[in-house]
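Hi,

Here is the model I promised to pass on.

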Amino acid sequence: MDSFIENYKAKHRHPLNKLCHSFGIPMIVVSLPLFFFNWRVALALFVAGWILQFAGHAIEGNQPAFFRNPVYLLVGPLWLVRRVAAAIGLLKPSASK
């Protein structure tokens, strides 16, 4: 799993890409269970989240990692959780944050 995270980090170095992902990933994740309660809000969050993801990759100048391997659809949220945990002191930050 660490190699997936390291590869993911390598594709997400630009600060604006990281910012887009910091908002886009939670929007997508929250939208999924929300579809059971309010599909319109869920759809708006889902679409806006993906727009942020692709905008971030346009800024970075690369393609999303899940284009090569769908496992990265799960690695993205894990990467963000690890960044947040490091930021609040629950996890030692890595050198290639």
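Below is what I found, starting with the conventions.

This is a predicted model, so to speak with care: local features need pLDDT of at least 70, side-chain atom pairs count only at pLDDT 80 or more, and totals for chains, interfaces and linings use all residues. Residues are numbered from 1 along each chain as its sequence is written, and side-chain values use heavy atoms, with hydrogens and water left out.

First, the core. The largest nonpolar core has 8 residues: Ile5, Tyr8, Ile25, Ala65, Tyr72, Val75, Trp79 and Leu80. (Such a core is a set of buried Ala, Val, Leu, Ile, Met, Phe, Trp, Tyr and Cys residues joined through side-chain atoms within 4.5 Å; buried means under 20% relative accessible area with a 1.4 Å probe, protein chains only.) Helix 4 gives the most to this core, with 4 residues; helices here are DSSP runs of H or I, at least four residues, numbered from the N terminus. Leaving aside neighbours within four places in sequence, Tyr72 is in contact (heavy atoms within 4.5 Å) with Phe4, Asn7, Tyr8, Ala65 and Phe66.

Ser31 counts as buried because its relative accessibility is 0%. Its side chain reaches the backbone oxygen of Ile28 at 2.6 Å, a polar contact (N or O atoms within 3.5 Å, one able to donate a hydrogen and the other to accept it; residues adjacent in sequence count only if both atoms are side-chain atoms). Beyond four places in sequence, Ser31 is in contact with Ala42, Leu45 and Phe46.

Best wishes

How values were computed:
Buried means under 20% relative accessible area, exposed over 50%, partly exposed in between (1.4 Å probe, protein chains only). Helices (H or I, at least four residues) and strands (E, at least two) are DSSP runs, numbered from the N terminus.
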